Amino acid sequence: MKIEDRCALGLYRSMLRIRVIEEHIARIYPEQEIRCPVHLCIGQEAIPVGVSATLTATDYVLSGHRAHGHYLAKGGNLRAMMAELYGREAGCAKGYGGSMHLVDLAVGFLGTAPIVGSTIPIAVGAAFKAKLKNEERVTVVYLGDGATETGVFYESLNFAALKQLAVLFVIENNAYSVYTPLQERQPMGREVTEVANAMVVNARKGNGNDVEEVYRLASAAVTRARAGKGPELLYLNTYRLREHCGPNYDDDLGYRSETDVDAWRLRCPLYTYERVLKERRILDQAHKLRIEETYRDEIVAATEYAKNCSFPSEMKVYENVFAD
């Protein structure tokens, strides 16, 4: 499937926007006005962009702790996201949750949670609800490779396959669960895609740093799921370029080699795609700088908006709880 020029430029713009926003957050985080932990997706932008480009506004998305890119790619409100990071009442979660608790029901973004694997069964439940109500919508849940080590992952695959639910599991394998590499957590030779296929979940592997490949794989998976063919799974390899949690770099800790980091920097999804588009004469440097400037202005304005919003009142702490 050939990606048309307009679509290709749209994919690039979406990745660039996420990158500019995340780098801005990294710059301002040391000011210590953002009091919640942040897990940046710098280096992993191709996956949310490629997947979301195949979805409609009414499709559902859920995610985990590294969710800024997923939220923004699905159409989440940047000002509301920044207000949430600053703990303000105008935040998308009313200032209750911070970076790891983003939600925007208007665009089908049902929410995120930091507990590994916790949103997987919620996504399956949302897909089950959609089937019971004959809603033609697909539910996507993003999870890291570490979440495939939880029991609820396999329980969810089983139920989704049993009920033939329109749910897409998107596994972002960035090689590490915090600082622990894949080979120290999972046995050699076991492929999650093979396990999923054995559980009657159609599963495919792909390059998570190639936005066009992600788009093609997701498009096929979403089309099958929407047509009632049952659950789908994509296992996409990628790499985070910053530290596990925070705005800095943690390579001095020695858990990954300088050689590996340098090799993955060369595979950066944004810069490799930028070269592709320049070679195809879809993009030039002047155009790129104009787009970048637009996004810089946008995130600066969103940050100022967030800083000027009010904190929730103390009485808000008693709302939305199970007891008085």
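**Reading the charged pairs**

Guide: Let us start with a total: a search of the whole structure finds 21 salt bridges. Please bear in mind that this is a predicted model.

Visitor: How is a salt bridge to be understood in general?

Guide: Side chains of opposite charge can pair when their charged atoms come close. As a case here, arginine 17 and glutamate 298 form a salt bridge through their side chains, at 2.8 Å from N to O. This pair links distant parts of the chain, for arginine 17 belongs to helix H1 (residues 5–28) and glutamate 298 to helix H11 (residues 285–308), 281 residues apart.

Visitor: Is arginine 17 buried or exposed?

Guide: With a relative accessible area of 18%, arginine 17 is buried, since the limit for that class is under 20%. Glutamate 298 has 29% relative accessibility and counts as partly exposed.

Visitor: Which residue forms a salt bridge with aspartate 59?

Guide: The partner is arginine 226, and the closest N and O atoms of the two are 2.7 Å apart. Aspartate 59 sits in the loop between helix H2 (46–52) and E1, while arginine 226 is in helix H8, so the pair ties together parts that are 167 residues apart in sequence. Aspartate 59 is buried, at a relative accessible area of 0%, whereas arginine 226 is partly exposed, at 30%.

Visitor: Which residues are linked in a network of salt bridges?

Guide: Such a network links Asp5, Glu212, Arg216 and Arg280.

Visitor: Where does arginine 240 lie?

Guide: Arginine 240 is found in the loop between E8 and H9. Its side chain and that of aspartate 250 meet in a salt bridge, with 4.0 Å from N to O. Aspartate 250 is also in the loop between E8 and helix H9 (258–266), so the pair ties together parts that are ten residues apart in sequence. Both partners are buried: arginine 240 has a relative accessible area of 2%, and aspartate 250 has 3% relative accessibility.

Visitor: With which side chain does the side chain of arginine 240 make a polar contact?

Guide: That side chain belongs to tyrosine 255, and the contact is at 3.0 Å. The side chain of arginine 240 also reaches the backbone oxygen of arginine 242, at 2.9 Å. Leaving aside neighbours within four places in sequence, arginine 240 has contacts that include Ile42, Gln44, Arg66, Asn174 and Tyr176.

Visitor: Which backbone oxygen does the side chain of arginine 66 reach at 3.0 Å?

Guide: It is the backbone oxygen of leucine 40. A polar atom of the side chain of arginine 66 also lies 3.1 Å from the backbone oxygen of histidine 244. Not counting residues up to four places away in sequence, arginine 66 touches several residues, among them His39, Cys41, Gln44, Asn174 and Arg240.

Visitor: In which sense do E4 and E8 pair?

Guide: Strand E4 (residues 167–173) pairs with E8 in the parallel sense over six bridges; one example joins valine 170 to leucine 234 in E8. Strand E7 (residues 202–207) and E8 also pair in the parallel sense, over six bridges, and there glycine 206 has leucine 236 of E8 as its bridge partner.

Visitor: Which unit do E7, helix H8 and E8 make?

Guide: E7, helix H8 (residues 211–226) and E8 make a right-handed β-α-β unit. Within helix H8 lies valine 222, which counts as buried at 3% relative accessibility. Valine 222 touches Thr54, Leu55, Val138 and Leu168, not counting residues up to four places away in sequence. The C-alpha atoms of valine 222 and glutamate 232 are 7.8 Å apart, the two residues being ten places from each other along the chain.

Terms used
Residues numbered from 1 in each chain as written. Predicted model: local features only at pLDDT ≥ 70, side-chain atom pairs only at ≥ 80, totals over all residues. Heavy atoms only, no water. Pairing = 2+ DSSP bridges. Helix = DSSP H or I, 4+ residues; strand = E, 2+ residues; numbered from the N terminus. Right-handed = clockwise from strand over helix to strand, strands pointing away. Polar contact = N/O pair within 3.5 Å; in protein donor to acceptor, adjacent residues only side chain to side chain. Contact = heavy atoms within 4.5 Å. Buried < 20%, exposed > 50% of the residue type's maximum accessible area, 1.4 Å probe, protein only.
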